[in-house]
Amino acid sequence: MSPPSVLARAPAKINLALHVGPVRGDGYHELATVYEAIDVYDEVRATPRNDPAVSVETVDPAGWPVVGVGADADHLAVRAAAALRRQCGVETGVHLHVRKDIPVAAGLAGGSADAAAALVACAALWGLGLDRPELLDVAAGLGSDVPFALVGGTAVGTGRGERVQPLPAAPATTWVLVTSTPGLSTPAVYARTDSMRAGHDLPAAGFDGETPAGDVLLADLLAAVRSGDADRIATGLHNDLQPAATRLRPGLADVRAAGRAAGALAGLVSGSGPSLLLLVRGDAHAAAVATAVTSAATGALAGVRVRTVHGTGTGAAVVDDPPARLGGG
Ligand code: C5P
């Protein structure tokens, strides 16, 4: 009999607002952000091993190996399982099979989703019975976006992004998501933002890390999100990393312009990029915008994929296994 295994999934995130403060002593930047989970998920299947190792293989939805996710010890899913083993004194090993639908180094927190899904899958496999705060603590140690991948929905993020305050369910948003390759390095985009600010290429941080985020900076956007009014949301979108990401990948400016010309309500780089989000009114509008931007995007960027996504992503959770196939060897 094959050993029992647990399947979990976690969503990609976008940032409707990303205000970046000055760099802190620990190298991170203080953030005030509004996270939204979208309906693009990575899945992690955790299967016990009969030795104490933690191993991983990562494939795309067609089953092909994915490159650039980091081999074993560097893979965020492996780091998540290892952290949980240490924390809870688990001695058995585990094999993680990661099925990635979220592109790598795309500004969509795909690695964080893998970590969150691995935490949930392993906690269930090992019967750990951890409560949410305990899991969120382990998640925060793994990366700034991992707690949000556990929580999903829409949430305000502060600190370096790891302090997450969920917002009440809001009407769904619809986006045309333009992904491209190669990925951008998150540290490089933060560093370029700092150097552009230092060289007065960009205004100094408008956010000092002290202002209560929900009260001032994010108030208009949060009201717009609650209303579900796409035109209001469009005027509140903001990303302090966008100028640096666009400097590093100039084609992004062309695709934003093409999106606006095609009738998108707004265009925004997702996180540290290079994914680009075009806000639209719904699926029919998305289809028209997607058709119109595809040729501009393939002319300006490499490895382009254009798809419609929705702000309806749910936090990391165990999912029901597909029914076992009968028969076979
Ligand atoms: O937390 P995480 O490991 O995902 O962060 C990756 C990198 O992104 C950090 O090493 C840092 O360079 C940058 N970062 C930052 N400020 C944040 C979050 C991330 O400078 N709030």
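Which residue is the bridge partner of Thr47 in E4? In this predicted model, the bridge partner of Thr47 in E4 is His95, where strands (E, at least two residues) and helices (H or I, at least four residues) are DSSP runs numbered from the N terminus. Residues are numbered from 1 along each chain as its sequence is written, and side-chain values rest on heavy atoms, with hydrogens and water left out. Because the model is predicted, local features need pLDDT of at least 70 and side-chain atom pairs count only at pLDDT 80 or more, whereas totals for chains, interfaces and linings use all residues.

Strand E4 takes part in two pairings, a pairing being assigned if DSSP finds at least two bridges between the strands. With E2, the strand runs antiparallel and is joined by seven bridges, while with strand E3 (residues 54-59) the pairing is parallel and extends over six bridges. In the latter, Val59 stands opposite Arg99 of E4. Strands of a sheet pair through backbone hydrogen bonds, either parallel or antiparallel.

An open sheet of four strands, with antiparallel pairing, has the order E9-E10-E7-E11. Its edge strands, each of which pairs on one side only, are strand E9 (266-269) and strand E11 (302-310), and the twist averages 20° from one strand to the next, with axes taken as lines fitted to C-alpha atoms (for helices over the stretch in contact) and angles running from 0 to 180 degrees between N-to-C directions. Within this sheet, strand E7 (residues 174-181) and strand E10 (residues 276-280) are paired in the antiparallel sense over five bridges, and Val178 has Leu276 in E10 as its bridge partner. Helix H9 (residues 251-261) lies across E7, E9 and E10 and runs at about 160° to E9. Helix H10 (residues 283-300) packs on the sheet, touching E7, E10 and E11 (contact meaning heavy atoms within 4.5 Å), and its direction makes about 170° with that of E11.

The bond joining Thr181 and Pro182 is cis, with omega about -10°, and Pro182 lies in the loop between E7 and helix H5 (186-198). The bond joining Gly273 and Pro274 is likewise cis, with omega about 5°, and Pro274 is found in the loop between E9 and E10.

Positive phi values are considered next. Ala105, a residue other than glycine, has a positive phi near 50° and is found in the loop between strand E4 (93-99) and helix H2 (110-125). Gly159 takes a positive phi near 70° in the hairpin of E5 and E6, which has four residues between the strands. Strand E5 (residues 154-158) and strand E6 (residues 163-166) run antiparallel and are joined by four bridges, with Thr158 standing opposite Arg163 in E6.

The ligand is surrounded by residues including Gly27, Tyr28, His29, Ser144, Arg160 and Tyr190, each having a heavy atom within 4 Å of the ligand. An oxygen atom of the ligand is 2.7 Å from an N or O atom in the side chain of His29, and an oxygen atom of the ligand is 2.5 Å from an N or O atom in the side chain of Ser144. A nitrogen atom of the ligand is 3.0 Å from a polar backbone atom of Arg160. Of the 460 Å² of accessible area that the ligand has on its own, the protein covers 75%, as computed by the Shrake-Rupley method with a 1.4 Å probe.

A search of the whole structure finds one aromatic pair, for which rings of Phe, Tyr and Trp (its six-membered ring) must have centres within 6.5 Å, planes under 30 degrees apart counting as stacked, over 60 as edge-to-face and the rest as tilted. Tyr35 and Phe148 form this stacked pair, at 4.5 Å centre to centre and with 10° between the planes. Tyr35 lies in strand E2 (residues 29-49) and Phe148 in helix H4 (residues 146-151), so the pair ties together parts that are 113 residues apart in sequence.

How values were computed
A polar contact is a pair of N or O atoms within 3.5 Å; within protein, one must be able to donate a hydrogen and the other to accept it, and residues adjacent in sequence count only if both atoms are side-chain atoms.
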